[in-house]
Amino acid sequence: MKSLLLLMVMVATCCATPEDLSGKVFVFPKEGTTDYVKLLTSKTEFTSLTTCLRFQTDITRNYGLFSMATPSHNNAFLIFKLNSVDHIRIEVEDTKSDFLSLSFPPNTWHSMCATWHSDNGLVQLWVDGKATIKRFIRTGTITGEPITILGQEQDSYGKGFDAAQSFIGMMTDVHMWDYVLSTSELKHYMDHVHFTAGNVFNWRALEYTITGQVLVEEQSEVM
């Protein structure tokens with residue numbers, strides 16, 4: 001029994017050790033509610049933030065790209081692709097704003113960044129090198145221990161997944177900062193130029209755990 005417990009502790013420690021995922025992708029190969037990546041951070045307060053990632057998929061239904069929940073808000077910060085139309089929904093502490101008339105051709109790599117500033121409540125998207133308009137969503141501060149999930153959308157704290165909203169495809173270069181990146185830094189990320197790595201989540205030193213059938217594979221093509 002002691003040996004089994006020690007093994008379980010060793011596995012958990014291994015999975016949570018920062019790992020350089022440069023040149024690699026998370027592969028989410030199937031629809032369901034049991035497959036996801038949990039990102040780990042000790043930070044519990046966000047007055048502003050920027051989240052960037054790259055993804056490829058061929059599905060057109062709803063799917064979550066980035067889901068952060070806190071004990072008091074299921075959608076503390078959410079990036080969500082809306083059904084069939086090229087709209088992205090951003091939510092901050094369960095308050096939402098939709099960005100319209102975007103373009104996501106299937107089986108193509110897309111780069112996306114979302115920024116939110118608590119002082120003025122403005123949120124903005126960058127998609128494949130182009131900035132959207134800025135929309136008001138809410139002011140305030142995100143507080144509480146976050147649970148951050150890739151591949152599923154949380155309808156309650158760390159659970160409440162819906163297979164019809166699960167992500168199928170590949171994801172890479174996930175970074176998050178606790179401030180709004182400058183325009184030049186956002187362009188550097190979009191253009192694959194050297195940029196300052198995320199200080200909350202850093203793809204080059206990512207702490208994460210995998211649940212279910214999510215694979216880590218070498219990136220097979222130039223984005």
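This is a predicted model: local features need pLDDT of at least 70, side-chain atom pairs count only at pLDDT 80 or more; totals for chains, interfaces and linings use all residues.
**The largest pocket**

Let us start with the empty space. Rolling a probe the size of a water molecule over the atoms shows where such space is left. Here, the largest pocket holds about 170 Å³ of space. It is lined by 13 residues, and those closest to its centre are T115, Q124, K134, V180 and L181. Three elements, β9 (110-117), β10 (122-127) and α2 (183-190), each give at least two residues to this lining. The largest share belongs to β10, with four residues. Sorted by class, the lining has six nonpolar residues, six polar residues and one charged residue.

**The aromatic rings**

Now to the rings. Across the whole structure, 13 aromatic pairs are found. One of them joins F55 and Y63 edge-to-face, with 6.5 Å from centre to centre and 65 degrees between the planes. Are these two residues buried or exposed? F55 is buried, because its relative accessible area of 1% falls under the 20% cut-off. Y63 is buried too, also with a relative accessible area of 1%. Both F55 and Y63 belong to one aromatic cluster, together with F26, F28, F104, F167, W203 and Y208.

**Charges over rings**

Terms used. Residues are numbered from 1 along each chain as its sequence is written. Side-chain values use heavy atoms; hydrogens and water are left out. On a 1 Å grid over the protein atoms alone, a cavity is a set of points where a 1.4 Å probe fits but cannot get out, and a pocket is an open set with protein on both sides within 12 Å along at least five of seven lines; lining residues have an atom within 4 Å of a point. Grid points are joined across faces, edges and corners, and a volume is the space filled by probe spheres set on the points. Ala, Val, Leu, Ile, Met, Phe, Trp, Tyr, Cys and Pro count as nonpolar, Asp, Glu, Lys and Arg as charged, and the others, Gly among them, as polar. Rings of Phe, Tyr and Trp (its six-membered ring) pair if their centres lie within 6.5 Å; planes under 30 degrees apart count as stacked, over 60 as edge-to-face and the rest as tilted. Buried means under 20% relative accessible area, exposed over 50%, partly exposed in between (1.4 Å probe, protein chains only).
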